[in-house]
Amino acid sequence: MAARIPGPKYFPVFKNDTKSEPDHRITNGEPAKRGQFPWQVAIISDLSYFCGGSLISDTWVLTAAHCTYNRTKFVVILGIVSLTEPESQIVVQETVNNIVHSGYNDTNANNDIALIRLPVPVDFSLYISSVRLPSRSQLTTDFVGQTVRISGWGRVSDLIQDLSNTLQYADMPVIANSQCIETFHELITSTKICVSTDDKRSPCNGDSGGPLVIQEDDGRYTEIGIASFVHVYGCESRFPAVFTRVTGFLDWIEKNTGIVIV
């Protein structure tokens, strides 16, 4: 679901002549405002592939393994909403430091999770701050029936190949894995979480690695999923969309980042 960068676009450090390739963006979503998703980051790998990710501390970005697997250089852009218009107070960092889950399987998308380490800790601001990770008390929570939110710059339609110029978001309900298995069969495991796209709101090409969040009772957002894949028939096919379930990897995140998860 990682997208090739379409051109020309405004990127602070990139060439404008990179070619486009079909990928994922949020279909039938709404445009985000600056500061609405301060944890959202844009990731360009090897100057060619575009993914989303989330800031989980001042040093670490969480994303999908298929966004970093077999790639060597990453440019991470924080604090932006628009890919075409210059914005103030953005942060751009280049890094080669990433950790792909050792069990990642690009055939069945198992363990589709990765980390990117920023070379310089970022200062939090109105436009840049971290998203909360789940607590260990939520390890057995399935979130079924709850409304969650996805954000990203992926395609807004199966008929449009380019990334969205503006960060988009959409709300959708979590469905039971047993329901998701009816579509994807053995691809669905306990470390994946699915959402309904019956209203054609869905992640799409370019949204890969982006955060699936839930707003909790204290008003804060917690990341419970990482955009992984959709049905081969397309983002607007009304088949479920699949995410890596973050609660299945809390030990892995803590071990590799040093972030204490209670």
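1. **Ground rules.** Please keep in mind that this is a predicted model, in which local features need pLDDT of at least 70 and side-chain atom pairs count only at pLDDT 80 or more, while totals for chains, interfaces and linings use all residues. Residues are numbered from 1 along each chain as its sequence is written, and side-chain values use heavy atoms, with hydrogens and water left out.

2. **The disulfides.** How many disulfides does the structure hold? There are 2, where a disulfide is a pair of cysteine sulfur atoms within 2.5 Å. As a reminder, such a link is a covalent bond between the sulfur atoms of two cysteines.

3. **Cys 51 and Cys 67.** In one of the disulfides, the sulfur atoms of Cys 51 and Cys 67 sit 2.1 Å apart. Cys 51 belongs to strand 4 (residues 49-55), and Cys 67 to the loop between strand 5 (60-63) and strand 6 (74-78), so this pair ties together parts that are 16 residues apart in sequence. Helices (H or I, at least four residues) and strands (E, at least two) are DSSP runs, numbered from the N terminus. The S-S torsion of Cys 51 and Cys 67 is about -85°, so their disulfide is left-handed. Are these cysteines buried or exposed? Cys 51 counts as buried at 2% relative accessibility, and Cys 67 counts as buried at 1%. Here buried means under 20% relative accessible area, exposed over 50%, and partly exposed in between (1.4 Å probe, protein chains only).

4. **Cys 180 and Cys 194.** Another disulfide joins Cys 180 to Cys 194, with an S to S distance of 2.1 Å. Cys 180 lies in helix 1 (residues 177-184) and Cys 194 in strand 12 (residues 192-195), so the link ties together parts that are 14 residues apart in sequence. The link of Cys 180 and Cys 194 is left-handed, with -80° about the S-S bond. Cys 180 and Cys 194 are both buried.

5. **Helix 1.** Which residues of helix 1 are buried? They are Asn 177, Cys 180 and Phe 184. Seen down the axis of helix 1, these buried residues fall within an arc of 55°, so they line one face of the helix; the arc is that of the directions from the helix axis to the C-beta atoms. Exposed Ser 178 and Glu 182 are carried on the face of helix 1 turned away from its buried side. The cover over the buried residues of helix 1 includes strand 11 (168-175), strand 12, strand 14 (221-229) and strand 15 (241-245), with contact meaning heavy atoms within 4.5 Å. After helix 1 comes His 185, which has a positive phi, near 55°.

6. **Strand 12.** This is where Cys 194 returns to the story. Strand 12 is covered on both faces: Lys 192 and Cys 194 are buried on one side, and Ile 193 and Val 195 are buried on the other. Strand 12 pairs with strand 11 in the antiparallel sense over 2 bridges, and strands pair if DSSP finds at least two bridges between them. Val 195 of strand 12 is the bridge partner of Val 174. Strand 12 also pairs with strand 15, again in the antiparallel sense, over 4 bridges. In that pairing, Thr 244 of strand 15 is the bridge partner of Lys 192.

7. **Salt bridges.** The structure holds 7 salt bridges, each defined as a side-chain nitrogen of Lys or Arg within 4 Å of a carboxyl oxygen of Asp or Glu. Among them is the one where the side chains of Glu 87 and Arg 34 meet, at 4.0 Å, N to O. Glu 87 is in the loop between strand 6 and strand 7 (91-95) and Arg 34 in the loop between strand 2 (30-31) and strand 3 (40-45), 53 residues apart. Arg 34 is partly exposed, with a relative accessible area of 25%.

8. **Arg 132 and its network.** Arg 132 and Asp 218 form a salt bridge whose closest N and O atoms are 2.8 Å apart. Arg 132, Glu 216 and Asp 218 are linked in a network of salt bridges. Arg 132 is partly exposed, with a relative accessible area of 21%.

9. **Asp 171 and Arg 149.** The side chains of Asp 171 and Arg 149 meet in a salt bridge of 2.6 Å, N to O. Asp 171 lies in strand 11 and Arg 149 in strand 10, so the pair ties together parts that are 22 residues apart in sequence. Asp 171 counts as partly exposed at 29% relative accessibility, whereas Arg 149 counts as buried at 17%.
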